[in-house]
Amino acid sequence: MLTSVDAAAADRRPLVTVVICVYNAGKYFRPSLQSVLDQTYQNLEIIVVDDGSTDGCIDTAADLLSEKRVRLLRQPNATKPVALNRALNLMTGEFYAIQDADDISHPRRIERQLQAMLDDPRLAAVFCGNELILDDRTIAPVFAPKGEAACRRDVEAFRMPAHDPTGMFRMALVGDLRYEPSLQVAETFDYILRVGERHPMIVLGECLYGYRILPNSLTRRAPSWREQFVTDALRRACERRGQTLESTCPDRLASERRSHNSRSDNNIAAHFMNSVIDQRQAANRLAALKTGLDCARLHPFDLHYYKALIYALVPLGLLAHLRRTALITSLGTRP
């Protein structure tokens, strides 16, 4: 039972808003919301935006949605950036975090990210490492830390420092920014680049988030549709920097040279390669080997998906050389 002193201390803790945009998340929405409610840091405002779901997923969590910290907003399907902006316009937290409606936040995610924010008031964003959830298995964790300088280099190279839904943001620094409605996908890529162009950010060296990979997300039928929005986001970034996409990112315009599988699944193999690197550097070679095999199993007849396995097998010195000379595909986080 809270004493009056405990209650007063709790009232002084910063309020963190967690935004969950939901569109037909099926059976995964309830555990996703539950993972936010179960955070060790409890001073939360949870805004759930139902973006016109038709699969009944909202009804499966009716009891959780009645919790006093949860606010449910409903709207006709208008795409994720519109839903995110609606939540940002209504939120009251000093900080906000994103939670995808089929993902899982580890119990200490909000606590650890908020502490990093409080330790350094200059930070506009704090990200964390993540694992993949595939067929209800958690695999391929990434957990290497990145400081301000490394994150700045990523942003300058048109890369996200970490997986986008792992971010927590400080409203005092980003409160004037909104997600671009014209970007039906890649809206968070565009947003994170804009934040990073203006303010410092870091990545915690901890795996605190589970990103769910659904079976159909590994075989998307129209990768060119997504690449159109990524290209639009890149053009916007180039224009802000007084550059042109054709001269700055010619490899982005030649993405059709990647295998069809890699284009369809947004180059998920790069995540596996990053995971292998982190595990090798943590002296866990057996886990790295398992991660490499998991990647190869995704598409056994596509050589691109064997690169993570190569990373797991070669000596560390040779691996560093391969990365340095770009003999194997760059490991930069893809939007």
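**Helix 8.** I started with helix 8, residues 187-198, in this predicted model. (Helices here are DSSP runs of H or I, at least four residues, numbered from the N terminus.) Its 12 residues should span 16 Å at 1.5 Å a residue, and I get 17 Å between the end C-alpha atoms, which agrees. (The expected span is 1.5 Å times one less than the number of residues.) Then I checked burial, where buried means under 20% relative accessible area, exposed over 50%, and partly exposed in between, with a 1.4 Å probe and protein chains only. Helix 8 is mostly covered, with 10 of its 12 residues buried. Among them I noted Phe189, Tyr191, Ile192 and Leu193, but also Glu187, Asp190 and Arg194.

**Ground rules.** I number residues from 1 along each chain as its sequence is written. Local features need pLDDT of at least 70 and side-chain atom pairs count only at pLDDT 80 or more, while totals for chains, interfaces and linings use all residues; side-chain values use heavy atoms, with hydrogens and water left out.

**Helix 12.** Helix 12 is largely enclosed by the rest of the structure, because 12 of its 14 residues are buried. His271, Met273 and Asp278 are among the buried ones. Just after helix 12, I found Ala283 with a positive phi of about 60°.

**Helix 12 against helix 13.** I looked up the partner, residues 285-298: the two axes come within 8 Å and cross at roughly 170°. (Axes are lines fitted to C-alpha atoms over the stretch in contact, with angles from 0 to 180 degrees between N-to-C directions.) That makes the pair roughly antiparallel, a label for angles over 145 degrees. Helix 12 brings residues including Phe272, Val276 and Arg280 to the contact, and helix 13 brings Arg285, Thr291 and Leu298 among others. By class, the contact residues divide into eight nonpolar, four polar and three charged.

**Asp154.** I find this one in helix 6, residues 148-156. At 6% relative accessibility, Asp154 counts as buried. Leaving out residues up to four places away in sequence, Asp154 touches Lys146, Arg159, Met160 and Pro161, a contact being heavy atoms within 4.5 Å.

**Confidence.** I checked pLDDT last, the predictor's confidence in each residue from 0 to 100. The protein averages 89, and 87% of the residues score at least 70.

Key:
Helices (H or I, at least four residues) and strands (E, at least two) are DSSP runs, numbered from the N terminus. Angles under 35 degrees count as roughly parallel, over 145 as roughly antiparallel, 65 to 115 as roughly perpendicular and the rest as oblique. Ala, Val, Leu, Ile, Met, Phe, Trp, Tyr, Cys and Pro count as nonpolar, Asp, Glu, Lys and Arg as charged, and the others, Gly among them, as polar.
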